[in-house]
Each structure stands twice: as structure tokens, then as C-alpha cells.
Amino acid sequence: MTSIKQQKNWLRSRVVKISAIHFAFVFAYIGQIIIYDAWKLITPEVVLERWLIAAMLLIVNTAVWYLARSKETTTGVYKGLAFALITADILMASTNVYIQRGMASRAVALYAIPIIVSAALLSRVALLSTAVLCIAAYTTTAVAYFVLNFNEGYKVELYGEVITYCIYFLLLASLLWAVVRHPKQ
């Protein structure tokens, strides 16, 4: 019984810390929006899109943080909260990749965040599932941008980028699993 309680408390603590770190992430993202807008590096439409992304992530993160601070829930609830944050991170990364020109976007690095967050669950299945979700989201986003803006690259370049980043996502998940797994697993 105590091991279940310890696991719940440990998971609760992790989710609360991850959501607290996410506040810094969202505020850094907002800072970038303000700087890019002040210097007129992005169009007003992109500014609006990024503010909507920041608001969505802030709302989800605040809800996760608030609910994770409750001590009366189960381990499953904390895992669900972590996956809610992972899903929001994947949506945020995908939207940024799309508005930053698909395969040419530097925002692909944002997919590392949900993969790292899933490592906190200490589950190989969670890590690989998150990596696969990132692969699906990135592939869909990059291909959608390419199809809708067909003059911005070559098909071979698109598929080369997609395959390369998909391998990177799986490598990151594998490396994190090697770092966080318990020696007896």
C-alpha cells in the first residue's frame, strides 16, 4: 500500500514540477513574440497565431498545475494530466512548425519537449508513444505545409527532412529511456 502511495506522491511531485517549468517556457515564448513583434520580424497574422498558441498552452498548463496540486487524486489522474500537457506541447510544436514554413522551420526542436516530459512517467511505452505521436504530428504538419505551399521546396527534401527528424525523435526517446529507466528493468 505504501508503494502505491509513494508512487502517487512521486508522480504528483513530478507533474507539479513539470507544469511549473512550463510556465517559464510559456513566458519565454511570449517574450519571443513581443521581441519579434517589436522589431517587426513577423507579420501581424503570425503574431496573432502565436498569441493564440501561447494562450492555449497557458490555459492547459494552468489547469494541469492546479489539478496536480490536489493530493486526493489517483496515479491515473496524474498520468492523464501529464498526457494533457504532452498533447498541448505537441499541438504547440506542430502549429509553430506550420506557421514557420513547414520543413524549413526551426521549431522542430519543440517536439523534444513532449518527449522529455513523457520521460518523467518512467515508462518506455509512454516515451515511445509520445515519440510516435510527435512523428505523426510533424509528418502531417510538414506534408500539409508542402502541399499547400508547393513552390517552397522539393519533394525529396521534404521526405529527407521528415525521415531524419522522425529518426531523431525515436533516438531521443531511446536515449531518455536509457537514462531514466530503473536498472532492474
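This is a predicted model: local features need pLDDT of at least 70, side-chain atom pairs count only at pLDDT 80 or more; totals for chains, interfaces and linings use all residues.

Residues are numbered from 1 along each chain as its sequence is written, and side-chain values use heavy atoms, with hydrogens and water left out.

**Overall fold**
- The protein has six helices and zero strands, where helices (H or I, at least four residues) and strands (E, at least two) are DSSP runs numbered from the N terminus.
- The radius of gyration, taken over C-alpha atoms, is 18 Å, close to the 16 Å that the globule rule gives for 185 residues, so the protein is as compact as a globular protein of that length. The globule rule is 2.2 Å times the number of residues to the power 0.38.
- The C-alpha trace spans about 60 × 35 × 20 Å along its principal axes.
- Of the 185 residues, 40% are buried (under 20% relative accessible area, 1.4 Å probe, protein chains only).

**Packing of α4 and α6**
- Helix α4 (residues 112-119) packs with helix α6 (residues 155-180) at an angle of about 25 degrees, and their axes are 10 Å apart. Axes are lines fitted to C-alpha atoms over the stretch in contact, and angles run from 0 to 180 degrees between N-to-C directions.
- That angle makes α4 roughly parallel to α6 (under 35 degrees).
- The contact (heavy atoms within 4.5 Å) involves Ala 112, Ile 115, Ile 116 and Ala 119 of α4, together with Phe 169, Leu 172, Ala 173, Leu 176 and Val 180 of α6.

Notes. Angles under 35 degrees count as roughly parallel, over 145 as roughly antiparallel, 65 to 115 as roughly perpendicular and the rest as oblique. Buried means under 20% relative accessible area, exposed over 50%, partly exposed in between (1.4 Å probe, protein chains only).
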